[in-house]
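Reader: I'd like to go through the labels on this model and hear what backs each of them. Could you take them one by one?

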Amino acid sequence: MTSADYILDFWGPVSNFGIPVAAIADMQKDPEMISGRMTAALTLYSATFMRYSMAVTPKNYLLLACHTINLTSQSTQGIRFLKYWNYGGREEALKLKAQQGAQTVEKEGKNMLQQGEEKLKEVKDKIVR
């Protein structure tokens, strides 16, 4: 094996780590943004290349680690996708947003009412003088 082969065996998996890093970063985002098809494709891709990393000689443990992390993070994304779209997560999120919106409207309404009462009091004081 030449030094070029060792370089490829290192930099290939290292550059591949961008995929699981992106998946881990996406775990903080809204589940509505998750693509079910892409998550399924990346899960199968990682599972396939986990097997491949052990089938080659010499065994590529860096590639195995990369795809293990990606398989785990894509599986987590897949679970989030299923919960959101198939098991009531979307309805709960919409209900929560509606409740927050109602609370905001109520709070703003009270503030406007209070401001109106203050203005009314100012006008009454000017008239009485």
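Predicted model: local features only at pLDDT ≥ 70, side-chain atom pairs only at ≥ 80, totals over all residues.

Reader: Why are H3 and H4 called roughly antiparallel to each other?

Author: Helix H3 covers residues 36-55, and H4 covers residues 61-86; helices here are DSSP runs (H or I, at least four residues), numbered from the N terminus. They pack at about 155 degrees with axes 8 Å apart, where axes are lines fitted to C-alpha atoms over the stretch in contact and angles run from 0 to 180 degrees between N-to-C directions. The cut-off is over 145, so H3 and H4 come out roughly antiparallel.

Reader: And what makes H2 and H4 roughly parallel?

Author: H2 (residues 18-26) packs on H4 at about 30 degrees, with the axes 9 Å apart. Parallel needs under 35 degrees, therefore H2 and H4 are roughly parallel.

Reader: How do you know that Ser46 is buried?

Author: Buried means under 20% relative accessible area, exposed over 50%, partly exposed in between (1.4 Å probe, protein chains only). Ser46, in H3, has 0% relative accessibility, so Ser46 counts as buried. His67, found in H4, has a relative accessible area of 1%, so His67 is buried too.

Reader: What makes the Ser46 and His67 side chains a polar contact?

Author: Their distance is 3.4 Å. The rule asks for a pair of N or O atoms within 3.5 Å; within protein, one must be able to donate a hydrogen and the other to accept it, and residues adjacent in sequence count only if both atoms are side-chain atoms. The Ser46–His67 pair is listed as such a contact.

Reader: Which residues does His67 touch, leaving out those up to four places away in sequence?

Author: Asn16, Tyr45, Ser46, Phe49 and Met50, with contact meaning heavy atoms within 4.5 Å. The C-alpha atoms of His67 and Phe49 are separated by 6.7 Å, although the two residues sit 18 residues apart along the chain.

Note on methods:
Residues numbered from 1 in each chain as written. Heavy atoms only, no water. Helix = DSSP H or I, 4+ residues; strand = E, 2+ residues; numbered from the N terminus. Parallel < 35°, antiparallel > 145°, perpendicular 65-115°, else oblique.
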